[in-house]
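This report describes selected parts of the structure shown below. It is intended for a reader who has not seen the structure before.

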Amino acid sequence: MELNGPDLKWPGVLVVGALLALALAYAVYRLMSRRQARASAAVANSGALTELPEYRRALRRHRIRMAVLAASAALLGGAALVGAARPLDTTVDKPQSRSRDIMLCLDISGSMAAYDATLVSTFKTLVKSFEGERIGLVIFNSSAATVFPLTDDYDFINEELDAAGRALTGDPAYDSFFAGTFNGRGTSLIGDGLATCVSSFDKVDLQRARSVVFATDNHLAGRPIIDLGEAAALARTKGVRVYGLNPEEDGPDQEAADMRTIVTSTGGRYFAMSDQSAIKDIVGSVEAQEATLIDSASRSLHSDDPTLPITLAGIGLVGVIGATRRWAS
Amino acid sequence: MTTTLLTRVKSKLFVHARRRSRNLLEGEYASVFHGRSLDYDDLRDYVPGDEVRDIDWRATARHQSPLVKRYVATRKQNLMLVVDTGRGMAATTRSGEPKKSVAVAAAGLVGYLAQRHGDLVGLVRGTAGSTVAHEMRGSEAHLELLLRAVDSATVLDGDQSNLATQLRWIVRHVRRRLVLLVVADDKELDPELDELLRRLHVQHEILWITVEDADPTAVDGSRTTYDVADTYTLPTLVRLDPRVRAAYAASVRDRVERTSALLDRRGINHARLGSSDEVVATVFALLERQRRARR
């Protein structure tokens, strides 16, 4: 987004107005000089008058007043002309979605229920650390559902994460949050979830830094269509890095070890939820990836911007009135 | 020009002051400048202004009204009109006429009185740079010529005024005793002029008439006012400022006082004129004062 100087909608008005002002000034000058030639009185020895200190003071006051009047009139006229030419505030808006796509992938199965609220707040902390990145949220249980797709509208993201937090703490008003997550066979179909997350990236033909923050305990309870290994392979082919975030309620068990292996195989890293540095490390490694700019077509936004001319014209008007007023003396 | 300048002067005398006043003025002039001799000429009616000692008491006793003895003048007076014809005199005077009209009216009146009295009238006129002297003659036509010379020489694009030039010329060139009628611009009298006056007064009899300038602070706001000296236009709003007007009036008052004091110190009779309508009355008063001063 870059700001240009004020443009004019009708620059011709300036030229026409300036010419008219010149013509008017000339006409007034002619009229005045003709009047002066017609009715003028020749006096002699006016030095006796012009040398008086009172005269000099009055002359100085008169000159200042005339100067103020001329400057104010010029300011008023000029500002009015510029205002009449309609100055535009041109904003060239070049929307760029900078950088990286991050898909937050949250397991909302029963085994995770105790941790989800914490995870959501972790996500919120995570989101705070990013700027300009596009972030999406997918939740999964027996099937995966997109809560919100990739977006860089951070207000929206925060709103949605707040709603998710409330839903996950059991607020009945937010039951609909879980809609669409029970369509599979069993619960906690982790492979399906990851595969959905990995597939949720758009602009697949663009080379972009894509990451999934994958929050699960890797406790499978059902028969997924795609197992975790296949999902990881899919992530690898798409160049998506998966960062694992495991609550590890049972300590570093076999599932946790599997998850670490799989996550690492995509180029991502594995963190236990208790790991204090998890967020910082995720942010660090996401940002370490080269950001790619998505350039959208730039567009110019024009809006009338009469503030400056109106202000100047107002000042000019005050000056004109002040200078022509007959101050009580 | 359909009417001659002198005709205008006369008409002013007739119309404005009526015949009696004209006699009065003539009597005034005669009593001021009449060179007395012992050769009795004739008697005429007394008019106020005549010398009381000229009254022929015997004749008066026989007659019903006072009669005055007239003498044959032993010598003619020489009246020299000294008129500033610088561009300052082409400017406006208090009444709105050009100052030169007032100058011509005043010089013409005194010149006419002198010519009627049989005196010779000459003219020294000029600007800061040059002086022109006209010879002295006693004819009306000559007086008319002199007045025309003054009138035509005084123009707005002429030279600047400086009366000292003319006075110095007289100091250098005139040996005879003259009556000088000085028609001056309304200026401060500088020490140089003062010194010239001191020298002139020893030799000549001087009458001083100042032609007033128009008050620039009183010229109507619809007219622009400029100085003839340098065509500087006085800003209308400034010159009409009441404070400026008051200060100017005070400064004029001071200047008039200073000038009067200076001329009085030199023993020179003087008057100020701001309109050709005032000429008769002012000249009368001037002559009156002159008569009293000569006693």
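## The end of helix α5 in chain A

In this predicted model, α5(A) is followed by Gly170(A), whose phi is positive, near 95 degrees. The helix itself spans residues 154–168 and has 15 residues. From its first C-alpha to its last, α5(A) reaches 20 Å, close to the 21 Å expected at 1.5 Å a residue.

The buried residues of α5(A) are Ile157(A), Leu161(A), Ala164(A), Ala167(A) and Leu168(A). They lie on the same side of α5(A) because they cover an arc of only 120 degrees around the axis. An α-helix has 3.6 residues a turn, so residues three or four places apart point the same way.

The buried residues of α5(A) pack against α4 (113–129), β7 (134–140) and β8 (144–151) of chain A. Asp155(A) and Glu159(A) are exposed, on the face of α5(A) turned away from its buried side.

## Contact between chains A and B

Chain A contributes 17 residues to the contact and chain B contributes 33 residues. On the side of chain A that touches chain B, β3 (40–43), α2 (47–50) and α3 (53–84) each supply at least two residues. The largest share, 5 residues, comes from α3(A). By type, this side of chain A divides into 11 nonpolar, 5 polar and 1 charged.

Strand β3(A) runs parallel to β8 (residues 224–227) of chain B, and 4 bridges join them. Val43(A) stands opposite Asp227(B) in β8(B).

## Annotated transmembrane regions

An unreviewed UniProt entry annotates residues 12–29 and 66–85 of chain A as "transmembrane region". Residues 12–29 of chain A are 100% helix and 0% strand, with end C-alpha atoms 26 Å apart. Residues 66–85 of chain A are 95% helix and 0% strand, and their end C-alpha atoms lie 28 Å apart.

Conventions: Residues numbered from 1 in each chain as written. Chains lettered and ligands numbered in written order. Predicted model: local features only at pLDDT ≥ 70, side-chain atom pairs only at ≥ 80, totals over all residues. UniProt positions renumbered as here; feature names shortened; annotations may be inferred. Contact = placed C-beta atoms within 7 Å. Nonpolar A, V, L, I, M, F, W, Y, C, P; charged D, E, K, R; others polar. Pairing = 2+ DSSP bridges. Expected span 1.5 Å × (residues − 1). Buried ≥ 20, exposed ≤ 12 C-beta atoms within 10 Å, placed from the backbone. Arc of directions from axis to C-beta.
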